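Hello,

As promised, I am handing over the structure that we spoke about, and below it you will find what came out of going through it. Please keep it open beside this message while you read.

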Amino acid sequence: MSADLNEPIRNSARRVTIRKPVSRSTSILLGIAIWVIFFTAWELAVIYESVNLLLVPPPEKVLGTLYELLIGGRFPGDILVSVFRVLASFAGACLLAVPLGILMGTFPAVESFFNPFVSAWRYLPAPAFIPILLMWLGTGEGPKLALLFIGVVFFLITMVMDYTRQVRIELIETSLTLGANQRQVLWTVIVPAVLPNVVVAMRQMLAVSWTYLVIAEIVASTTGIGAMMMRARRFLHTDEIMAGILVIGLLGLLFDVLFRWLHRVLFGYLYNQGR
Amino acid sequence: MPSTNTLRQTDITKLIVERVGKVFTLADGQEINAISDVSFSVKRNEYCVLLGPSGCGKSTVLRMIAGLETPTSGTMLLDDELILGPDRDRGMIFQNYTSFDWLTVEKNVEYGMKCNGVPAKERKEMAADFIDLVRLTKFKNAYPSQLSGGMKQRVAIARTLANKPGVLLMDEPFGALDAETRWNMQELMISILESTDTTVVMVTHDIEEALFLGDRIVFFSSHPGTILEDGPVAFKKGQRIGVKEDALVMKGYVEAERHIMALMRSQRPTTDE
């Protein structure tokens, strides 16, 4: 077979090509498109009444309900309670997990002692502790904070330990041959080297923390976003349930954005790829 | 006109490696005799190159001098003091970049001095001198992520030398650089040594680099790693050559290169073919 050399080379017109990047505008357009399709499908389903309106309210009704909930009533208080629970338990988990994870990733002796214990706990689903936490800690804030703490702390320890182990040995050896002692290596090399990844691990585990929050509030609470949703279920207020889901999603996103911003601010030196 | 300078080499012995051996024990209990009966010494201000085929254990020898690995047998002395572990008198530069990302160039260079309690003012002055020596003054306040590979290695050199080590250890320091940057760095090394009082032990597998930089080459054979040949780079007649192409055309260069290549070839496992 011979090719016609006078034939101009035509770019392949494929839209979907393996590992071929799309332009930024296409990427944004596609990202918006999926949401437009989602809401259109929802809206159409409602308009043609192919769903029970009591169970699936139209999207604009959900937004309207959300607005009403936010300007009056208990909902703002519920949101604050939920945010407080997540932040308080997460702060506690970080205070324990970050130093312990760094020590375990630095000293194999510390790892050998704690790791069999920590890894075992990771395989126990945190919600399994709800009955016993309720018995031990009553019905106040205690069991909720404890559940969130248990759900996050063991994973966070393991992630921080793994990231600490990944600190390149050459950095440590360089420091040693410059005359640093063990303490100096830990504080001036290992800690600053692992810190950016610690913030990444915290960001990931904060999302998990939100998951456990909703479980805790649905099972055993009269306050918080999850409890509000359970109340709404009793009165068949599906619009309020969906508004609750929306708020949880938005809060999760907000914290994620906050952590990304924090990472950029604290570790700006990683972002200036120059030459 | 070749730019040359007289070697300020003295006859004082700086580093002694005496009958050093290293046996690795594998997980299944099998013992590997990695280094066997290695002895050599390095004089003050000498540039000593450890050369040999890959896997001959030259890097392990260097790491033992650094104190990062412990020999199974033998002793090592720096300035008549027994080497027991890593310390500031044996600064090491690695092939992989070791700049501390979270510190500016200046703070990187100050790092060792800070660990060793040098006062802030003195530290800053010393750092400025050594940053100037590696020609990075313009980048004093830059972070490593803004630097090229060659510049990162220059930071490492300044940081190690500013710490005043008794001997500078380099493990294939230019191995990750592209060819042009590599010979620029090699020439920079020659000019740095001209103005500092520095003894160097460097590992490389690059014959050209060994001949250009080394005052002396210690050639290792493999399995087990042991010294096959140890001698001065004769064609340079005790001089250091500042420009690489000048070294390449010197009388005796080609013969020296041929000789080392023949040594390398003799070490190739016959099962290869």
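If helix 8 of chain A were straight, its 38 residues would span 56 Å at 1.5 Å a residue, but its end C-alpha atoms lie only 48 Å apart. Please bear in mind throughout that this is a predicted model. Where does helix 8 of chain A have a kink? A kink of about 45 degrees is found at L195(A), shortly before the proline P196(A).

Leaving out residues up to four places away in sequence, T188(A) touches S175(A) and A180(A). T188(A) and I172(A) are 16 residues apart in sequence, and their C-alpha atoms are 9.7 Å apart in space.

**Helix 7 and the contact between the chains**

Both S175(A) and I172(A) are among the buried residues of helix 7 of chain A, which also include L171(A), E173(A), T174(A), L176(A) and T177(A). Helix 7 of chain A is largely enclosed by the rest of the structure, because 7 of its 9 residues are buried. What do these buried residues pack against? They pack against helix 8 of chain A, and also against helix 1 (58–66) and strand 7 (90–93) of chain B. Just after helix 7 of chain A comes G179(A), with a positive phi of about 100 degrees.

Between the two chains, 18 residues of chain A are in contact with 24 residues of chain B. On the side of chain A that touches chain B, helix 7 (169–177) and helix 8 (182–219) of chain A each supply at least two residues, and the largest share, 6 residues, comes from helix 7 of chain A. Sorted by class, this side of chain A has 8 nonpolar, 7 polar and 3 charged residues.

In soluble globular proteins, nonpolar side chains tend to be buried together. Here the largest nonpolar core has 66 residues, and those touching the most other members are V49(B), L50(B), I65(B), A158(B), L169(B) and V201(B). Helix 4 (residues 149–162) of chain B gives the largest share of this core, 7 residues. Apart from this core lies another of 37 residues, among them L133(A), A201(A), L206(A) and L213(A). Returning to A158(B), and leaving aside its neighbours within four places in sequence, its contacts are V109(B), F130(B), I131(B), L133(B), V134(B) and L136(B).

**Backbone details in chain B**

Most residues other than glycine have a negative phi, and most peptide bonds are trans. D80(B), however, has a positive phi near 65 degrees, and this residue is found in the loop between strand 5 (73–78) and strand 6 (81–82) of chain B. D80(B) counts as exposed because it has 8 C-beta neighbours inside 10 Å. For K164(B), phi is also positive, near 50 degrees, and the residue has its place in the loop between helix 4 and strand 8 (167–171) of chain B. With 18 other C-beta atoms within 10 Å, K164(B) is partly exposed. Finally, H223(B) and P224(B) are joined by a cis peptide bond, with omega about -10 degrees, and P224(B) lies in the loop between strand 10 (216–221) and strand 11 (226–232) of chain B.

With best wishes

Key
Residues are numbered from 1 along each chain as its sequence is written. Chains are lettered from A and ligands numbered from 1 in the order in which they are written. This is a predicted model: local features need pLDDT of at least 70, side-chain atom pairs count only at pLDDT 80 or more; totals for chains, interfaces and linings use all residues. Two residues are in contact if their C-beta atoms, placed from the backbone, lie within 7 Å. Helices (H or I, at least four residues) and strands (E, at least two) are DSSP runs, numbered from the N terminus. Ala, Val, Leu, Ile, Met, Phe, Trp, Tyr, Cys and Pro count as nonpolar, Asp, Glu, Lys and Arg as charged, and the others, Gly among them, as polar. A nonpolar core is a set of buried Ala, Val, Leu, Ile, Met, Phe, Trp, Tyr and Cys residues joined through C-beta atoms within 7 Å. A residue is buried if 20 or more other C-beta atoms lie within 10 Å of its own, exposed if 12 or fewer, and partly exposed in between; C-beta atoms are placed from the backbone. The expected span of a helix is 1.5 Å times one less than its number of residues. The bend at a residue is the angle between axes fitted to the seven residues ending there and the seven starting there.
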